Amino acid sequence: AFTVLNMKEKQIIYLFAMLLGISFAACVEDTGNYSYENPDVVAPIIKSGIDENYSVLVLENLVIDPTIEGDESQYDYVWYAFPGTVTSSAPNDTLGVSKKLDCTISMEPGTYQLVFKVTDKSNGTSAFYKSKLVVASFFSEGYYILKYENGYTDVDFIDRNGELNVDILKTINGESLSGKPIRGTYEYNQYAYYVYDAEGNRTRKNLQPAYMICTDEDLGIYEGTSMKQLKRWNDAFLEVPAVKKPQGVWATTSGFMLMNNNAVHFAYLGGGGGGHFGYAYPNDDMQLNSMVTAGSSSCLCYDDRAGEFVGYYVQKHYPIKNAIESASPLSLKPVGEVYFTNCDLIYMGVQPYSSTSVGGTYAIVKDRTTGVASLWQINVGVMQNYYAVYDKGYRGLTIPASFDVVNGKVFAVQGYGVLSTPPAYSGVIYYSKGDNVVHYYNPSNQTEKKNMISIPADEEIVYIAHSSDPSTVTPVDVFSILSNKDGNWVLRTYNREGATPDINPKAVHTYTGKGVAKNFIYRNSGTRITY
């Protein structure tokens, strides 16, 4: 457990976040590019002292002291960084002009190619050493706990060092959000907005990170690096909705989607404007469920009234209810009928991997007439072809009537990164029935594992997630359980057991804080991944 930060510590966090809002500048001004020369046998030799990978926070100091063979005084040195993962003719920042790099990193968060160049003064030959440099903000890695306390919603942040930073919305912006929390979401580079200078001139900031939080009374949009507030409900729309009934906000890989009063609004990068949500899409007398999965520029919803799926695509201003024939992605065609109707949605969730919404959507529905439950695996991305359902030809997998997954209240799908080439229904569905126990349903072999993890009986599980991404420098593979107890939240993290869906029941870390938690987001600085 962690203690609440004192006022001085809060001021430090506040100052740090404000510093992140300033314009970033290179450590040493340099607008030129460097020509590469092929080193020959008389080129300098870099012996040791440089690693292949570096990770540093914005405003932290980076020190690298390499060893050079021979008389070090006869060489010229330069350190510079290219944005991205390969060197190119793109602009670079010069970080230092001496053998030892000792620089306060002030570039914007992102991945860079760090290059060390050594040139022999006598013959002009050069040697190079390239490393990967990941620059992150203080808020780029950790757990964001969305909670409710004393009539307001705020966020407690567990940073990469396991330290608890409480009420970061109020600490940084001076106020929390009114109302009870519904959902928070993040996208690392798909938000755009305008900033104004002292003379009123505006500049569009494009490809920006954003963290959005929706309560039952308000919406907060925050800059994803500093958590500085950008917009609230009254200035977040091209036209503020006449009825204020927020139902949630979701990140896509091209922007954001917000649901209000059973209507969908998109804010997407290709739409221009100043970071506003557009006009409501037609509702067609639907009752939209609060469970949603997002695609690149679309979202899959569920109409509780008709009991069937409905899709929305940002470039088509109407709901999509077409079913499709699905022999392969190249032969999709409408069949003129929905796969089913008059069903209750039990669960819908996406397998997350590498980015916000990549992976397959798993959905469990139950026929209102027959009582038969079935599992569907859906590719949300095909909605750009104006189809709402694509289940890879399986047309639903019947779930045995004895399985408890149909009684689940809290769900999560196993992360997509567990398998590089997953077969159909490869992801297990973890679930809790609103108590203190986690089980899972494995559709690939039609089995259930009961009582996989139990936490103390006086706690109620409210959110679970399996975060998995093997592509990072330090692979991500963590299972997390969020629960409430007597007006306080508890977060536990666990390790998965080998290549199985089983979770080691012994908690690796346990964090506690004040307030009733709704859910959490886990962010990792080495990837786009957000949960």
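Trainee: How many aromatic pairs does the structure hold?

Mentor: The structure holds 26 aromatic pairs. Take one of them, Tyr-143 with Phe-520. Their ring centres lie 5.5 Å apart, the planes make an angle of 65°, and the pair is edge-to-face. Tyr-143 is in strand E10 (residues 142-149) and Phe-520 is in strand E39 (residues 516-523). That is 377 residues apart, so this pair links distant parts of the chain. Tyr-143 and Phe-520 are both buried.

Some ground rules. This is a predicted model, with local features needing pLDDT of at least 70 and side-chain atom pairs counting only at pLDDT 80 or more, while totals for chains, interfaces and linings use all residues. Residues are numbered from 1 along each chain as its sequence is written, and side-chain values use heavy atoms, leaving out hydrogens and water.

Now the terms. Rings of Phe, Tyr and Trp (its six-membered ring) pair if their centres lie within 6.5 Å; planes under 30 degrees apart are stacked, over 60 edge-to-face, the rest tilted. Buried means under 20% relative accessible area, exposed over 50%, and partly exposed in between (1.4 Å probe, protein chains only). Strands (E, at least two residues) are DSSP runs, numbered from the N terminus.

Back to the rings. Ring pairs also join Phe-138, Phe-139, Tyr-144, Phe-157 and Tyr-211 into a cluster. Elsewhere, the charged end of Arg-202 sits over the ring of Tyr-194, 3.8 Å from its centre. The rule for that asks for NZ of Lys or CZ of Arg within 6 Å of the ring centre and within 35 degrees of the ring normal.

Next, the nonpolar side chains. A nonpolar core is a set of buried Ala, Val, Leu, Ile, Met, Phe, Trp, Tyr and Cys residues joined through side-chain atoms within 4.5 Å. The largest has 32 residues, and Met-257, Cys-301, Phe-309 and Tyr-312 touch the most other members. Elements giving two or more residues to this core include strand E22 (298-303), strand E23 (308-313) and strand E27 (343-350). Look at Cys-301. Leaving aside neighbours within four places in sequence, its contacts include Met-257, Val-264, Phe-309 and Met-348. Contact means heavy atoms within 4.5 Å. Apart from this core lies another, of 22 residues, among them Tyr-54, Ile-64, Tyr-77 and Leu-95.

Now the charges. A salt bridge puts a side-chain nitrogen of Lys or Arg within 4 Å of a carboxyl oxygen of Asp or Glu. The count comes to 17 salt bridges. Lys-147 pairs with Asp-156, the closest N and O atoms being 3.0 Å apart. Both Lys-147 and Asp-156 are buried.

Asp-404 bridges to Lys-433, with 2.7 Å between the closest N and O atoms. Lys-433 is in the loop between strand E32 (429-432) and strand E33 (437-442), 29 residues from Asp-404. Asp-404 is buried because its relative accessible area is 17%. Lys-433 has 32%, so it counts as partly exposed.

Asp-404 also meets Lys-450 in a salt bridge of 3.8 Å, N to O. Lys-450 is in strand E34 (residues 447-454), 46 residues from Asp-404. Lys-450 is partly exposed because its relative accessibility is 36%. Shared partners join Lys-147, Glu-149, Asp-156 and Asp-167 into one salt-bridge network.

Technical notes: Helix = DSSP H or I, 4+ residues; strand = E, 2+ residues; numbered from the N terminus.
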